Amino acid sequence: MLPFERLRALARYSGDDRALVLEAADCLADFASDPAQLVTVCRRLLAHHPSSGPLWWLCAHVLAASDPETGARDATRALERDRTSARLASLLPFP
(Lines give C-alpha, C1' and ligand atoms only; values in the text may rest on other atoms or scores of the structure.)
Protein backbone atom coordinates (compact mmCIF):
# COMPACT_ATOMS: atom_id res chain seq x y z
CA MET A 1 0.00 0.00 0.00
CA LEU A 2 1.25 3.48 -0.82
CA PRO A 3 2.23 5.71 2.12
CA PHE A 4 -0.57 8.22 1.45
CA GLU A 5 -3.14 5.43 1.26
CA ARG A 6 -1.90 4.17 4.63
CA LEU A 7 -2.20 7.68 6.00
CA ARG A 8 -5.82 7.89 4.84
CA ALA A 9 -6.58 4.54 6.48
CA LEU A 10 -4.97 5.71 9.72
CA ALA A 11 -7.02 8.90 9.67
CA ARG A 12 -10.20 6.82 9.50
CA TYR A 13 -9.03 4.31 12.12
CA SER A 14 -11.26 4.05 15.18
CA GLY A 15 -9.85 1.20 17.22
CA ASP A 16 -7.20 0.53 19.82
CA ASP A 17 -4.70 3.35 20.45
CA ARG A 18 -1.78 0.93 20.62
CA ALA A 19 -2.53 -0.57 17.21
CA LEU A 20 -2.99 2.92 15.75
CA VAL A 21 0.36 4.11 17.09
CA LEU A 22 2.27 1.02 15.95
CA GLU A 23 0.87 1.36 12.44
CA ALA A 24 1.45 5.13 12.46
CA ALA A 25 5.10 4.62 13.47
CA ASP A 26 5.65 2.39 10.48
CA CYS A 27 3.90 4.91 8.24
CA LEU A 28 5.94 7.84 9.61
CA ALA A 29 9.15 5.94 8.89
CA ASP A 30 8.14 5.97 5.20
CA PHE A 31 7.99 9.78 5.26
CA ALA A 32 11.28 10.23 7.14
CA SER A 33 13.28 11.32 4.09
CA ASP A 34 11.27 14.56 3.72
CA PRO A 35 11.11 16.54 6.99
CA ALA A 36 8.53 19.06 5.72
CA GLN A 37 6.23 16.28 4.62
CA LEU A 38 6.78 14.44 7.91
CA VAL A 39 5.58 17.48 9.88
CA THR A 40 2.48 17.70 7.67
CA VAL A 41 1.76 13.99 8.12
CA CYS A 42 2.04 14.27 11.90
CA ARG A 43 -0.19 17.35 11.93
CA ARG A 44 -2.86 15.60 9.88
CA LEU A 45 -2.76 12.44 11.97
CA LEU A 46 -3.12 14.45 15.15
CA ALA A 47 -5.97 16.48 13.66
CA HIS A 48 -7.90 13.25 13.14
CA HIS A 49 -6.97 11.74 16.53
CA PRO A 50 -6.51 14.70 18.92
CA SER A 51 -7.29 12.68 22.05
CA SER A 52 -4.72 9.95 21.42
CA GLY A 53 -1.92 10.60 23.91
CA PRO A 54 0.28 7.80 22.54
CA LEU A 55 0.01 9.28 19.04
CA TRP A 56 1.09 12.69 20.35
CA TRP A 57 4.05 10.98 22.05
CA LEU A 58 4.97 9.16 18.83
CA CYS A 59 4.86 12.28 16.68
CA ALA A 60 6.94 14.25 19.18
CA HIS A 61 9.44 11.39 19.44
CA VAL A 62 9.81 11.06 15.66
CA LEU A 63 9.99 14.80 14.95
CA ALA A 64 12.58 15.40 17.69
CA ALA A 65 14.83 12.52 16.61
CA SER A 66 18.01 13.31 14.70
CA ASP A 67 17.02 10.53 12.28
CA PRO A 68 13.21 10.31 12.06
CA GLU A 69 13.22 6.78 10.64
CA THR A 70 15.32 5.52 13.54
CA GLY A 71 13.11 7.50 15.93
CA ALA A 72 10.02 5.76 14.55
CA ARG A 73 11.64 2.33 14.88
CA ASP A 74 12.80 3.11 18.44
CA ALA A 75 9.29 4.24 19.36
CA THR A 76 7.87 1.00 17.96
CA ARG A 77 10.26 -1.07 20.05
CA ALA A 78 9.46 0.96 23.17
CA LEU A 79 5.72 0.47 22.67
CA GLU A 80 6.11 -3.25 22.03
CA ARG A 81 8.11 -3.67 25.25
CA ASP A 82 5.69 -1.62 27.36
CA ARG A 83 3.64 -3.89 29.61
CA THR A 84 1.89 -1.16 31.61
CA SER A 85 -1.61 -1.99 30.38
CA ALA A 86 -1.19 -5.71 31.18
CA ARG A 87 0.09 -4.90 34.67
CA LEU A 88 -2.75 -2.47 35.36
CA ALA A 89 -5.34 -4.94 34.06
CA SER A 90 -4.02 -7.64 36.36
CA LEU A 91 -4.50 -5.34 39.38
CA LEU A 92 -8.14 -4.59 38.65
CA PRO A 93 -10.63 -6.54 40.77
CA PHE A 94 -12.91 -7.20 37.77
CA PRO A 95 -12.88 -10.55 35.94
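The protein carries 11 positive and 12 negative side chains, and the centres of the two sets lie 3 Å apart. Lys and Arg count as positive here, Asp and Glu as negative, while His and the chain ends are not counted. Each charge is placed at NZ of Lys, CZ of Arg, CG of Asp or CD of Glu.

The model is predicted: local features need pLDDT of at least 70, side-chain atom pairs count only at pLDDT 80 or more, and totals for chains, interfaces and linings use all residues. Residues are numbered from 1 along each chain as its sequence is written, and side-chain values use heavy atoms, with hydrogens and water left out.

The secondary structure consists of six helices and zero strands. Along the sequence, the pattern reads α-α-α-α-α-α. Helices (H or I, at least four residues) and strands (E, at least two) are DSSP runs, numbered from the N terminus. The C-alpha atoms fill a box of roughly 50 × 30 × 25 Å, taken along the principal axes.

The protein exposes about 6,100 Å². Carbon and sulfur atoms supply 58% of that area. Accessible areas come from the Shrake-Rupley method with a 1.4 Å probe; for residues, only the protein chains shown count as cover. Of the 95 residues, 31% are buried. Buried means under 20% relative accessible area, exposed means over 50%, and partly exposed lies in between (1.4 Å probe, protein chains only). Among contacts with a separation of 6 or more, 55% join residues 24 or more positions apart. A contact means heavy atoms within 4.5 Å.

Ser52 is one of the buried residues, with a relative accessible area of 2%. Ser52 sits in the loop between α3 (35-48) and α4 (53-64). Leaving aside residues up to four places away in sequence, Ser52 touches Asp17, Leu20 and Val21.

Side chains of opposite charge can pair when their charged atoms come close. Three salt bridges are present in the structure. A salt bridge is a side-chain nitrogen of Lys or Arg within 4 Å of a carboxyl oxygen of Asp or Glu.

One of them pairs Asp26 with Arg73, and the closest N and O atoms are 3.0 Å apart. Asp26 lies in helix α2 (residues 17-30) and Arg73 in helix α5 (residues 68-81), so this pair ties together parts that are 47 residues apart in sequence. Asp26 is partly exposed, at 30% relative accessibility. Arg73 is also partly exposed, with a relative accessible area of 31%.

Arg73 forms a salt bridge with Glu69 as well (3.8 Å, N to O). These two residues are four apart in helix α5, so about one helical turn separates them. Glu69 is partly exposed, at 38% relative accessibility.

Asp74 and Arg77 form a salt bridge too, at 2.4 Å from N to O. Both residues lie in helix α5, three residues apart, about one turn of the helix. Asp74 is partly exposed, with a relative accessible area of 34%. Arg77 is likewise partly exposed, at 41% relative accessibility. Through shared partners, salt bridges join Asp26, Glu69 and Arg73 into one network.
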